[in-house]
Structure formats: structure tokens, C-alpha cells
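Subject: Structure for you to look at, with notes

Dear colleague,

Here is the structure I promised to hand over, and my notes on what was found in it follow below. Please keep the model open while you read.

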Amino acid sequence: MSDPIVFVPGLLCTEALFAPQIVAFADRPIMVGNHREHDSIEAIAAAILEKAPQRFSLIGLSMGGYICMEIMREAPQRVGKLALLDTNARSDTPDQSERRKFLIDLTRKKGFAKIPHLLYPGFVHEKREEDAALKVIVVDMAMETGPEAFIRQQTALIDRIDARPRLSDIACPTLVLVGDGDRLTPPPVAREIHERISGSDLVVIAGSGHLSTLEEPDSTSAALRTFLNRP
């Protein structure tokens with residue numbers, strides 16, 4: 001029997017980020033990790049592990065990928081297979097941290113309503129900047145997440161450690177996947193992760209930006225299925 005799947009969403013994302021994949025893998029038990037309640041990657045990972053099955057396949061996108069790398073540090077023996085989607089193993093740069101602090105300050109002083117619209121273009125392939133249907137999904141996920149959780153998530157991202165030194169410790173089968181038009185964590189960043197995890201697979205999804213699971217769901221689900229079904 002196949003292991004259950006634990007999905008871990010990205011910043012301002014909910015289980016809707018993986019809606020196409022939840023349908024595609026309806027034959028497996030599925031859990032979506034909660035990354036809204038804590039303000040550190042370590043605490044989020046620990047909380048997910050507390051609720052997760054004893055052994056599972058782990059799939060995370062963007063911030064979810066950072067959390068997955070921490071789960072691999074805390075409990076590698078519980079993960080049968082790992083998929084890191086559109087993510088980055090490095091810690092925040094000073095410029096990235098300043099941007100996050102600006103967004104936290106903006107949220108506190110001016111409110112949260114404009115934040116998802118401000119962030120949306122960077123989340124998607126350039127050809128989808130005017131994709132109204134996709135934008136509705138992204139904004140709805142953000143509004144469901146809300147300002148308090150957004151601030152906690154941004155704080156966790158500012159404080160996260162550089163995961164690159166421990167990537168070589170990952171021994172389970174691993175897939176690294178990235179959209180060819182991902183502007184937040186572009187293909188060279190994915191390739192860096194792939195090169196540090198021995199035996200990992202690298203898949204580049206054509207026509208996708210940062211949100212590969214929603215932008216190119218068929219290609220992304222097919223890549224995940226091929227990976228997860230491999231003995």
C-alpha cells in the first residue's frame with residue numbers, strides 16, 4: 001500500500017494550492033499541514049509532525065519546501081519520499097528580509113486587503129499576470145490565511161536558517177520540481193538543491209511560474225505521480 005501524502009503549502013496558501021493534486025491522488029490518504037499558527041519554521045515542522053502519519057510521502061511548495069527540509073532534519077526516518085516544489089534552500093538575503101518587514105509594517109498600518117494583489121504578479125508566470133481566474137484563487141487563499149498568520153509566516157521566513165549544508169543528509173528518494181518561469185525561486189535555485197541531494201530527480205515544468213500546482217496542474221501532477229509510483 002502506498003504511503004499517505006502530507007502536503008505543505010506556501011506563503012499565504014491553503015489546501016487550495018494542491019486542489020488538483022488532492023483530486024489526482026484521491027486513492028491515497030492525504031493530510032495538508034497547518035503552517036499558520038507558529039512564527040518559526042522549526043515550530044511549524046514540529047506541529048506538522050505531531051499530527052502526521054507515522055510514515056508518509058512529503059510534498060511542499062515554496063515556504064512549504066522550507067518546512068519540508070526542516071522536517072527532514074527533525075524526523076528523516078518518517079519520510080518515505082520527498083518532493084520539493086518551487087522552493088529555495090538558502091536563508092533570506094538582507095534585501096528579502098527588508099521586503100518582508102516592509103510588508104509586515106504595511107499590513108499593520110494600512111491593512112491586509114491590498115497585500116495579495118501586490119504579491120500576485122511575482123507568484124505566477126509572466127503570461128498569467130492577467131489570469132483573472134487564477135488571481136481569484138490566489139487572493140482567496142490569502143484572505144483565508146489572514147493578516148495575523150501572514151505576519152507569523154513572514155517572521156518565520158525572515159528567521160529561517162540556510163538548509164543547504166544539510167541537504168546532503170537527505171537519503172530518501174527526492175524530486176525537485178520548478179516552473180521554467182518561476183521568478184521567486186527560479187530554475188538555478190532548484191538545480192542547486194538537486195545537485196546537493198544525491199540521486200534526486202529534477203523536473204522543470206514548461207509554462208509555469210512559482211505556483212506550479214495551479215498553473216500547470218496536469219504536468220505537475222504527472223511528474224508527481226511518476227515519482228511517487230516508482231518502487
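In which loop is Ser62 found? Ser62 sits in the loop between E3 and H3, where helices (H or I, at least four residues) and strands (E, at least two) are DSSP runs numbered from the N terminus. Before going further, please note that this is a predicted model, in which local features need pLDDT of at least 70 and side-chain atom pairs count only at pLDDT 80 or more, while totals for chains, interfaces and linings use all residues. Residues are numbered from 1 along each chain as its sequence is written, and side-chain values use heavy atoms, with hydrogens and water left out.

Ser62 has a phi near 55°, a positive value in a residue other than glycine, and at 11% relative accessibility Ser62 counts as buried; here buried means under 20% relative accessible area, exposed over 50%, and partly exposed in between (1.4 Å probe, protein chains only). Leu12, in the loop between E1 and helix H1 (19–24), has a phi near 60°, which is likewise positive in a residue other than glycine. With a relative accessibility of 2%, Leu12 also counts as buried.

Helix H3

H3 is mostly covered, since 10 of its 12 residues are buried, among them Gly64, Tyr66, Cys68 and Glu70. Those buried residues pack against strand E1 (5–8), H2, strand E3 (56–61), strand E4 (79–85), helix H6 (132–159) and helix H7 (164–167), a contact being heavy atoms within 4.5 Å. The expected span of a helix is 1.5 Å times one less than its number of residues, so the 12 residues of H3 should span 16 Å, and its end C-alpha atoms, which are 17 Å apart, agree with this.

The cavity and the pocket

Rolling a probe the size of a water molecule over the atoms shows where empty space is left. On a 1 Å grid over the protein atoms alone, a cavity is a set of points where a 1.4 Å probe fits but cannot get out, whereas a pocket is an open set with protein on both sides within 12 Å along at least five of seven lines, and lining residues have an atom within 4 Å of a point. Grid points are joined across faces, edges and corners, and a volume is the space filled by probe spheres set on the points.

The structure holds one cavity of 30 Å³ or more, and the largest cavity has a volume of about 80 Å³. Its lining includes Ile41, Tyr66, Met69, Glu70, Arg90 and Arg160. Helix H2 (41–51) and helix H3 (63–74) each supply at least two residues of this lining, and H3 gives the most, with three residues. By class, the lining of the largest cavity has six nonpolar, one polar and five charged residues, where Ala, Val, Leu, Ile, Met, Phe, Trp, Tyr, Cys and Pro count as nonpolar, Asp, Glu, Lys and Arg as charged, and the others, Gly among them, as polar.

The largest pocket has a volume of about 470 Å³ and is lined by 23 residues, of which Leu11, Arg100, Leu119, Phe123 and Leu184 lie nearest its centre. H3, helix H4 (94–110), H5 and H6 each supply at least two residues of the pocket lining, which divides into 12 nonpolar, eight polar and three charged residues.

The loop between H5 and H6

Arg128 lies in the loop between helix H5 (115–123) and H6, and at 16% relative accessibility Arg128 counts as buried. Glu130 is found in the loop between H5 and H6 as well, but at 73% relative accessibility Glu130 counts as exposed. The C-alpha atoms of Arg128 and Glu215 are separated by 8.3 Å, although the two residues are 87 residues apart along the chain, and the side chain of Arg128 reaches the backbone oxygen of Glu215 at 2.8 Å.

Thr174

Thr174, in strand E5 (residues 174–179), is buried, with a relative accessible area of 2%. A polar atom of the Thr174 side chain lies 2.9 Å from the backbone oxygen of Cys172. Leaving out residues up to four places away in sequence, Thr174 touches Leu82, Ile197, Ser200, Asp201 and Phe227.

With best wishes

Methods
A polar contact is a pair of N or O atoms within 3.5 Å; within protein, one must be able to donate a hydrogen and the other to accept it, and residues adjacent in sequence count only if both atoms are side-chain atoms.
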